[in-house]
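The entries follow the order in which I looked things up.

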Amino acid sequence: MAAADSTFLSIKGPGSINGEAFHKLSALATLALLVGAFAFGNSAFLSVNNGLTLLLQTSVIGLLGIGMTMVIITGGIDLSVGSVLALSGTVAGLLVKAGVPVPVAMTVAVGVGAVCGLINGLVITRMRITPFVATLGMMMIARGTALQLTGAAPISQLGEAFGWLGNGALFRMVEKMPNGLSKVVFPGIPYPAILLLIVAVGAAYLLRRRRLGRHIYAVGSNEEAARLSGVNVERTKIAAYVMSGALAGLAGNVLMSRLVTAQPNEGVMYELDAIASAVIGGASLMGGVGGVSGTMIGAFIIGVLRNGLNMAGVSAFIQQIIIGFVVILAVFIDQLRSRR
Amino acid sequence: MTPLVEMIDIERHFGGVHAVDGVSIDLYPGEVVGVLGHNGAGKSCLMRILSGAMEPSAGKIRIRGEDARLDSPHQARELGIETIYQTLALADHLDAPANLFLGRELRTRWGNLDDRRMLEEARKVLSRLNPNFRNLGDPVSRLSGGQRQVIAIARAIYFDVKVLIMDEPTAALGPAETAMVGELIKQLRQEGIGIFLVSHDLHDVFDLCDRVVIMNRGHKVGSHRIEEVTKDDVLSLIIKGALPDDWRPRNAGAVQ
Ligand SMILES: Nc1ncnc2c1ncn2[C@@H]1O[C@H](COP(=O)(O)OP(=O)(O)O)[C@@H](O)[C@H]1O
Ligand SMILES: [Mg+2]
């Protein structure tokens with residue numbers, strides 16, 4: 001398997017290119033190839049509007065993928081993120097409906113996600129349940145809670161302020177036309193994309209430059225060695241699940257805000273997209289390997305595939321099949337390389 | 001003089017298996033004590049208990065005369081007990097400096113990892129142990145057995161060590177590196193550090209140790225000053241769990 005983010009951990013001599021960098025480059029090349037192919041097939045693919053749609057779609061997968069990456073590096077998995085996203089989003093919607101200001105409601109939603117992650121972490125470390133089973137349980141608990149709280153009905157008419165995060169944009173320029181209509185001069189940078197950028201930079205900083213990040217790699221690399229070295233393995237794992245949960249909560253805010261509706265049925269199977277982006281980006285399910293930049297590339301590959309195939313009129317079912325193949329291929333290529 | 005370490009009536013059971021069965025052992029400053037025995041005799045378990053990596057089923061531990069609780073490797077390290085584990089305990093995907101400082105990372109004023117300083121320090125201590133040590137930036141999984149062992153040793157001596165536990169430290173080493181470890185042990189003893197050396201190499205043991213403790217099936221079957229026994233005596237203790245029938249102390253010193 002590729003080296004841990006050794007680009008971060010080490011000083012490299014010139015000309016020596018390590019496995020992880022190679023994987024990232026090939027993922028990036030794949031992304032460029034996809035964009036080229038879709039642009040060739042349909043000129044509208046490269047339009048500003050489609051670019052923004054793509055950014056919006058990718059931001060949710062990206063947020064989930066970053067949290068998933070931290071968990072995967074510890075050697076775990078978080079199957080609950082899609083359901084936690086739904087629970088957090090519906091909690092935000094319910095609170096806003098009850099008259100709570102939007103920023104407070106969304107903060108509570110992130111907190112709900114973090115608590116779900118904390119429960120995952122405690123179940124895994126204290127009760128010694130495997131991550132797969134623990135988060136599978138949480139997947140059902142969070143989904144069930146979201147459905148129970150709402151009676152399975154979407155909560156709509158949440159007001160303009162609720163839609164701000166998902167639909168607003170920075171530097172948006174609109175010109176009033178003489179005929180009374182308005183013309184968009186520059187559509188602006190969508191807030192979800194900015195949020196994703198901030199989270200990505202923060203997560204990369206945490207993984208590369210902070211002790212917690214170092215311990216996350218150490219725990220996934222050799223849990224026993226980390227323990228014998230005095231690393232608090234339990235706390236490190238719990239922190240990873242809490243961050244994954246909190247980011248799922250944040251993604252829930254973004255998604256429900258974009259729909260201006262709290263949908264308890266949203267986010268089904270999103271955990272699989274998140275895992276796929278991490279794995280396509282070079283993370284190893286064996287632990288110890290992975291990084292934010294790789295996962296971002298992975299998220300965009302999935303986003304571009306979905307978006308491009310949509311525009312080409314390929315059905316959602318076929319899309320699923322294609323993405324399935326892509327994930328297997330990415331891991332296969334990685335294994336071929338590390339087996340040499 | 002107060003002993004650095006006193007382990008008293010230590011027991012450790014795994015279900016019906018008595019890995020360590022009522023063993024008492026002590027260690028004085030500047031002393032090298034060899035711990036010998038067959039595979040499965042309980043040497044590693046006894047050492048891991050002192051490292052804080054394994055909980056004893058019963059028994060007492062005193063460090064510098066004071067009762068100590070060694071519930072975690074972290075607590076043991078706080079007391080100056082450093083361990084080179086038989087398994088080396090390295091995180092394969094991390095590089096040498098990251099492994100050297102794992103759990104005790106150097107940080108900048110802002111709490112960021114100080115990777116540059118860790119690299120410099122690692123280069124210093126590693127080159128002291130092996131002047132040819134390169135590849136400080138490679139994940140340790142890519143290094144040779146000898147280099148990995150050197151990292152494990154460096155990690156144990158870099159920090160303020162009082163008691164050093166070496167569980168088969170030369171198992172993966174070539175002759176030159178083995179000789180280097182021997183020199184290192186002599187040097188650390190000079191500095192007043194107490195060392196438990198688990199080894200199968202009787203030549204090394206007789207060269208380096210002041211005292212030998214022999215274990216057999218979880219029991220301590222002998223504890224002797226190195227001058228009063230021969231290699232054959234020690235072999236007999238290891239194999240039979242007893243001294244040869246006609247044994248007399250070589251020097252009239254007391255048998256402990
Ligand atoms: N974690 C464990 N679980 C169960 N049995 C163990 C464990 N560790 C060691 N043992 C058993 O305890 C005995 C002593 O092992 P060990 O201390 O490793 O021996 P040595 O280091 O002298 O070769 C062996 O029988 C071994 O199988
Ligand atoms: Mg052993």
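**Conventions.** The model is predicted, so I note that local features need pLDDT of at least 70, that side-chain atom pairs count only at pLDDT 80 or more, and that totals for chains, interfaces and linings use all residues. Residues are numbered from 1 along each chain as its sequence is written, chains are lettered from A and ligands numbered from 1 in the order in which they are written, and side-chain values use heavy atoms, with hydrogens and water left out.

**Entry 1: α4(A) with α6(A).** I looked up helix α4 (residues 81-97) and helix α6 (residues 131-150) of chain A, which pack at an angle of about 25 degrees with axes 8 Å apart. Helices here are DSSP runs (H or I, at least four residues), numbered from the N terminus. Axes are lines fitted to C-alpha atoms over the stretch in contact, with angles from 0 to 180 degrees between N-to-C directions. α4(A) and α6(A) are therefore roughly parallel (angles under 35 degrees; over 145 is roughly antiparallel). Their crossing is left-handed, meaning that the near helix is turned anticlockwise from the far one by less than a right angle, whereas clockwise is right-handed. Residues of α4(A) in this contact (heavy atoms within 4.5 Å) include Ala86(A), Thr90(A) and Leu94(A), and those of α6(A) include Met138(A), Arg143(A) and Leu149(A). I recorded ten nonpolar, five polar and one charged residue in this contact. Ala, Val, Leu, Ile, Met, Phe, Trp, Tyr, Cys and Pro count as nonpolar, Asp, Glu, Lys and Arg as charged, and the others, Gly among them, as polar.

**Entry 2: α4(A) with α5(A).** I then found α4(A) packed with helix α5 (residues 102-125) of chain A at about 150 degrees, with axes 8 Å apart. The two are therefore roughly antiparallel, and the crossing is right-handed. Among the residues that meet are Ser88(A) and Leu95(A) of α4(A), and Val108(A) and Cys116(A) of α5(A). The contact divides into twelve nonpolar, two polar and no charged residues.

**Entry 3: chain B with chain A.** I noted 30 residues of chain B in contact with 33 of chain A. The buried area is about 2500 Å², 50% of it from carbon and sulfur atoms; this is the accessible area (1.4 Å probe) lost on being put together, summed over both parts.

How many salt bridges are there between chain B and chain A? I recorded three, a salt bridge being a side-chain nitrogen of Lys or Arg within 4 Å of a carboxyl oxygen of Asp or Glu. Asp115(B) forms a salt bridge with Arg214(A), the closest N and O atoms being 3.1 Å apart. Asp115(B) lies in helix α4 (residues 115-129) of chain B and Arg214(A) in helix α9 (residues 211-221) of chain A, so this pair joins two chains.

Definitions and conventions: Angles under 35 degrees count as roughly parallel, over 145 as roughly antiparallel, 65 to 115 as roughly perpendicular and the rest as oblique. Buried area is the accessible area (1.4 Å probe) that two parts lose on being put together, summed over both.
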